[in-house]
Amino acid sequence: MNGRADFREPNAQVSRPIPDIGGGYIPTEEEWRLFAECHEECFWFRSVPLAATSMLITQGLISKGILSSHPKYGSIPKLIFACIVGYFAGKLSYVKTCQEKFKKLENSPLGEALRSGELRRSSPPGQSKQIWRYLG
């Protein structure tokens, strides 16, 4: 005996430390593939439909007289604004779905950080924005 008590259980599993996902993090090949997949699905299945729908609704409101068109530019400014709002609403609506896909990845430091919830809590404000731009 060395004078110290050993309180560890002989068969206890040591949990892996949560990876440091910071500004210098380089995604794995599988994470890059999932980033591209999320980006493509988000664009075609959320952003484009919501942008087109918001433009159609805006044009309908303008043609019914509920919204007025610009005297010089007509309905174009309002349609562009509706398109931009619809596009970003589509991007935001897909973030949760994409996060779930990353949580299902095995052997992924980013997936591990999302599963444990540490990515949101421990990252400084500037670093978490860099990771979220990939997810949306």
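Is the crossing of helix 1 and helix 2 right-handed or left-handed? Keep that in mind as you load the structure, which is a predicted model.

**Stop 1: helix 1 and helix 2.** Select residues 29-63 for helix 1 and residues 76-103 for helix 2. Look at how they cross: right-handed. The two axes come within 6 Å, at an angle of roughly 145°. Now colour the contact by residue class. You will find 17 nonpolar, nine polar and seven charged residues.

**Stop 2: helix 2 and helix 3.** To see the contact, show Gln-99, Phe-102 and Lys-103 on helix 2. Then show Leu-110, Gly-111, Leu-114 and Arg-115 on helix 3. By class, the contact residues are three nonpolar, two polar and two charged.

**Stop 3: the core.** Next, select Tyr-25, Leu-34, Phe-35, Cys-38, Cys-42, Tyr-94, Cys-98, Phe-102, Leu-105, Leu-110 and Leu-114. These eleven residues form the largest nonpolar core. Helix 1, helix 2 and helix 3 each give two or more residues to this core. Helix 1 gives the most, with four.

**Stop 4: Leu-105.** Finish on one core member, Leu-105. Which residues does Leu-105 touch, leaving out those up to four places away in sequence? Show Glu-30, Glu-31, Leu-34 and Arg-115.

How values were computed: Residues numbered from 1 in each chain as written. Predicted model: local features only at pLDDT ≥ 70, side-chain atom pairs only at ≥ 80, totals over all residues. Heavy atoms only, no water. Axes fitted to C-alpha atoms, helices over the stretch in contact; angles between N-to-C directions. Contact = heavy atoms within 4.5 Å. Nonpolar A, V, L, I, M, F, W, Y, C, P; charged D, E, K, R; others polar. Left-handed = near helix turned anticlockwise from the far one by under 90°. Core = buried A, V, L, I, M, F, W, Y, C linked by side-chain atoms within 4.5 Å. Buried < 20%, exposed > 50% of the residue type's maximum accessible area, 1.4 Å probe, protein only.
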